Number of protein chains: 2
Amino acid sequence: MKAEIVCIGTELLLGHIVNTNNSFIAKKLAEIGVDSYFQTTVGDNPKRLADTIRTGLERADIVITTGGLGPTVDDITTRIIAEVAGRRLILETAVLKELSGFFKRQNKKMPKDNLNQALIPEGARWLRNPFGTAPGFIIECGPKAIIALPGPPREMEPMMRDYVGPYLESKVQGSGRRAQGMIIKSKSIKLTGIPEVKVNGKVKDLLALSGEVTVGIYSRLGEVELKIMAKAHNEKHADIEIKKIEKIIQKRFKEYIYGVNSETLEAAIVGLLIRHKKTISTAESCTGGLISNRITDVPGSSRIFMEGVVSYSNRSKTLELNVRQAMLKKYGAVSSQVAVEMARGIRKKADVDIGIGITGIAGPSGGTKAKPAGLVYIALSRKNGTICRKFVFLGSRKEVKHQAAQAALNLVRLQLRGEKRKAQSEKHRSAT
Amino acid sequence: MKAEIVCIGTELLLGHIVNTNNSFIAKKLAEIGVDSYFQTTVGDNPKRLADTIRTGLERADIVITTGGLGPTVDDITTRIIAEVAGRRLILETAVLKELSGFFKRQNKKMPKDNLNQALIPEGARWLRNPFGTAPGFIIECGPKAIIALPGPPREMEPMMRDYVGPYLESKVQGSGRRAQGMIIKSKSIKLTGIPEVKVNGKVKDLLALSGEVTVGIYSRLGEVELKIMAKAHNEKHADIEIKKIEKIIQKRFKEYIYGVNSETLEAAIVGLLIRHKKTISTAESCTGGLISNRITDVPGSSRIFMEGVVSYSNRSKTLELNVRQAMLKKYGAVSSQVAVEMARGIRKKADVDIGIGITGIAGPSGGTKAKPAGLVYIALSRKNGTICRKFVFLGSRKEVKHQAAQAALNLVRLQLRGEKRKAQSEKHRSAT
C-alpha cells in the first residue's frame, strides 16, 4: 500500500513556517508499513490543489492532506476534495453538535463562520478533533481513500495517532500485503553529558551499518540521540535486531544514557525521584525558573517537587536562601560558594531531600574576563553533603539557560543513579 | 518567474528528519520576487526523481533541488539531472582540486568515493561548498534552469544565500521583468487575549484582499498573527502599502496588539516595565516557573525582575507567601482568594511594584467537576489594589501552562497600558 502526503497552505510555500507535519505523518506511515514516495506542498489555490490531489490518487492508494480545514474563506480543502471525489457537501449534525460543545465548554458562543466546518463530503467518515474546531475526515473512493486532517500539529498529531493510524493498519491487514511486506521500526537511545563528536567517535562502526539495521546520530543542544532502525518482515523480528544494537550502545555509553524514544530528561528525573521516594526543591538564579518549569511539565511532579525560588537579586539570595552577605561580597553572586549556600538554603527551607542551587551569567552582557558570559555554577545539596560543578556554556542567553538546566537535571540523575549502585553493591557485600 | 523546490532523500520520506530546507529556500524566493507554487519531496529513486524534475520544469522556470549530492551510491541527483537535461557527466578538475583541499585542511586523505562528487553535468556552473564536500551546480536548459544544492542545511543555506540568490536576482532583472518586476515585503502584527475566530471575523475584508497587498492570519496557542504582505516595485512603495493596512488593523484591535514581527510577549512586557520604571515578582503554582522563565529569557530583565517563588505545596504557600491557612482550608489552593493572597504576598515580600499570583490545575489529572483541569486564577497586586481573573484553558498539561503564562503576562501588559492612558488623559485634563 502506498500513500502520499499533501500539505496545504500558502504560509508553507512562502516559508513562514517550517513543515513538521510531513515528518510526523511519514514516520507513522513507516511504522505501519505503508510506503510513501512523494510529499507535496501546495497553496490555497483551487486548481493547483485539485491537480495535486488527483495526481496523488493516480500514484498512490491513500492521499493524506493537512491544512485548509479552518472556518475562513481561505480554507478550501474540504470543498476541493469533495469536487475531486465527485461528492456533495452535506451538513453533518454530529459535527455541529461537537462544535457547539467545543465553544460551550469555553463559555463562548459559536461564531457563524464555524458552521462551515460542519460541512463534510457526503459518505465521508468524520474524525473528532479534541484540540480545535476543524474535524478531519476519511473519504473512500473505490479502493482508494483521501484523508483530510487539520494543519496545526497539536490538532493533527492526535488525530493521526488515534484515528488514521488504526484505519490504515486495518487497511494494510485487510489487503493481505502485510505478510510479504516489510515494516520499519526504530528506537532512539538518548544521551546527555557527552558531546556529539565524542559519541560519533565511539559509534563509527554502527553508523557505517548499511543492511537491514542502520544507526543514525542526531544532536540537539545538550543531548545526543542514537536512532536504531530495523527493516523486517514483522515487529518481533525488528525488535530482536534493535535489541542487539541497543545492547552494544548501552555497553559503550552506560551512565550517559538517560532514556529512550520521546522520554525527556525531566521525565526521567521525576520518575527516579518518585521511585527513590526523594523530594527536591530548586534555587535558581541564571536559569530564571527553567529548571522548575521543566520539572513541573511532567505530570505527577507535584509528588516530588515542593518549591522553587528564582532569586534574581542579592537581596532575595540573602533573605530567601540564607546566603551570607559576606559570601556575596567576598566571592560575588556568581561563585561556587554562593551556589553551595543557595542549594543548602533551599534544601533546609523547603525541608526536602535534595536542594539545587544554580548561579551564573546567562549573557549576552554582564560577563568579565574572569567571569565570562556562560559561566555557571551548579550545586546539589543533601543531608550528607553538598557538591558543586563549574561549567562554561557557549551560545545565546536562551541556549546558556537551556544547557545549564540540562546539566543541573543531569547532576540529579547521576546522584540518584550513583546511590542506587552504591546500595546495590553494599547489599551484595553484606550478602556475601 | 516561477520556481519549484524538490527535496530529495529517503530519510525525509521516512520522517526521520524535519525538512527545514523548504521554508529556508521559499523565504529567499519570496524576498527576491520569485513565485513558488509547489514543493515536492521525493526519495532516492531514479525514475520518480526524474519524473518530479521533469514535472517541475514543465510548471516552472526554475527547479531547485536539495540533497543526493553525497559520495555514496545512494546519491543519484547529479546523474538524474544530467539525464533530464540531456548532458554527459564530466570530471570537473576545479572541483577535484577543491575536494582535495577540503580533506588536506583536515589532515585527511580523500576517500576514493568522493571522486564522484567532481562529476558535474557538462556546461553546468559549479558552486563552491565551504562546509562540506558536495559542490552544487546550476545548469541552464534554454530559458529554464535546474539548480542542485546539498541537503544539510548548514551546507545548503550559505550556498543559497551567496550564489543562488544573486543568480536568481540577476535572472529576474535580466529577464527585464524586475523593472516591471516585484519584491515582496511583509510585516506581522501580533495579538493576544482574543481568539483566532474573533480576529478572523473582524478582518474578513482584509483576508479577502487579492491584489498587490494581502493579509494572512496565523494562530499559535494563545496568540494570533496578522501578516501583511506587499508586492511592489521597490521597498519604499511596499512599506507605504503595509503601513496603510497596519493602521486599519491597529484601529480595529487596539489593546489586543502587543508587538510586531518576531517580538515576543515577554520582551514587550520587559520593555514596558523598564520604560515605566516598575519592578515585578511572581508567585507561581500551576505554571511552575514558566512565567519567570519567560521573563528572564529577555536580556536586561534583571533590571525589573527581582524574585520568583514556585509554590507547589500548601506549606510553601503559607510559609513563603503568607497565604493564610484558613483561606487554603475554606476555598482550596485553587481559588481566587488564594491567588490574591499569593500576589500580595510576593509583592510585599520582594518589595516590588507588581506581584503576580497564579494558581490552577494544569492537569491532566487532579480536576473535579467543580474545579476541572485547566481552571486557572491569575491575580495582579499593586499598592493601590489587587485584581483577579478566572480562566478555563483546554489542552495538555504543557498547553495549559503556556496559555496561563500568556494570560498572566498579558494582564501585566494591559495594566501598564491602562496606566499610561490614564496618565495621558490626566495630563491632558490638567493642561486644559
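Analyst: Helices (H or I, at least four residues) and strands (E, at least two) are DSSP runs, numbered from the N terminus. This is a predicted model: local features need pLDDT of at least 70, side-chain atom pairs count only at pLDDT 80 or more, and totals for chains, interfaces and linings use all residues. Residues are numbered from 1 along each chain as its sequence is written, while chains are lettered from A and ligands numbered from 1 in the order in which they are written.

User: Where is A:G193 placed, and why is A:G193 called partly exposed?

Analyst: A:G193 sits in the loop between β9 (183–191) and α7 (196–202) of chain A. A residue is buried with 20 or more other C-beta atoms within 10 Å of its own, exposed with 12 or fewer, and partly exposed in between; C-beta atoms are placed from the backbone. A:G193 has 18 C-beta neighbours inside 10 Å, so it counts as partly exposed.

User: What makes the length of helix α14 of chain A agree with its number of residues?

Analyst: The expected span is 1.5 Å times one less than the number of residues. For the 15 residues of α14 (residues 336–350) of chain A that gives 21 Å, and the end C-alpha atoms are 21 Å apart, so the two agree.

User: Why are β2 of chain A and β2(B) called paired?

Analyst: Strands pair if DSSP finds at least two bridges between them. Strand β2 (residues 35–42) of chain A and β2(B) have five bridges, in the antiparallel sense. In one of these, A:V42 is partnered by B:F38.
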